[in-house]
Amino acid sequence: MAESSAIWKLHLVYRLSHIQDRLDEDVLGKVRTIEGVTSVGIVASHNASTRLAFSTRYAHAVVASVAAKKCLQEAVDEHNAKWWWWQRKVTFVDEPAVRKVA
């Protein structure tokens, strides 16, 4: 039972062709609202990707991970809708798709 209450630190890593102002903050704000998430922060990256670190209990890790990925997609969609010139420049690709290209 102690295992399910252990805190896990998870990372949502994304690399976009162009990051509009406030996108990172919008993603951070959305992830913050996920049930069970205890802390959220943006971690600097050396390879031009953004890494969002968040903590949750082990029992919530899978649900929080799926929800965080959805939050990123929603933020990208919202930014694409607001700035027409940015549409189609930003795409959301999951890790299995990246592996196929590499």
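**Core**

I looked up the largest nonpolar core first. It has 20 residues, and L12, V27, V31, I34, V40, L52 and F54 touch the most other members. I took a nonpolar core as a set of buried Ala, Val, Leu, Ile, Met, Phe, Trp, Tyr and Cys residues joined through side-chain atoms within 4.5 Å. Buried means under 20% relative accessible area, exposed means over 50%, and partly exposed lies in between (1.4 Å probe, protein chains only).

Helix α3 gives the most, with 7 residues. Helices (H or I, at least four residues) and strands (E, at least two) are DSSP runs, numbered from the N terminus. In soluble globular proteins, nonpolar side chains tend to be buried together.

**Basis of the model**

I am reading a predicted model, with local features needing pLDDT of at least 70, side-chain atom pairs counted only at pLDDT 80 or more, and totals for chains, interfaces and linings using all residues. Residues are numbered from 1 along each chain as its sequence is written, and side-chain values use heavy atoms, with hydrogens and water left out.

**Confidence**

I checked pLDDT, the predictor's confidence in each residue, from 0 to 100. The protein chain has a mean of 79, and 77% of its residues reach 70 or more. By element, helix α2 (residues 23-32) has the highest mean, 91. Helix α4 (residues 95-101) has the lowest, 55. Where pLDDT is low, the predicted coordinates should not be read in detail.

**V40**

I listed the contacts of V40 (heavy atoms within 4.5 Å). Leaving out residues up to four places away in sequence, V40 touches L28, V31, R32, L52, A53 and F54.

**Salt bridges**

How many salt bridges does the structure hold? I found 3. The criterion is a side-chain nitrogen of Lys or Arg within 4 Å of a carboxyl oxygen of Asp or Glu.

E78 pairs with K30, the closest N and O atoms being 3.0 Å apart. This pair links distant parts of the chain, with E78 in helix α3 and K30 in helix α2, 48 residues apart. E78 counts as partly exposed because its relative accessibility is 35%.

D26 pairs with R22 at 3.7 Å between the closest N and O atoms. R22 has 52% relative accessibility, so R22 counts as exposed.

K70 and E74 form a salt bridge at 3.8 Å, N to O. They are 4 residues apart in helix α3, so about one helical turn separates them. K70 is exposed at 53% relative accessibility, whereas E74 is partly exposed at 31% relative accessible area.
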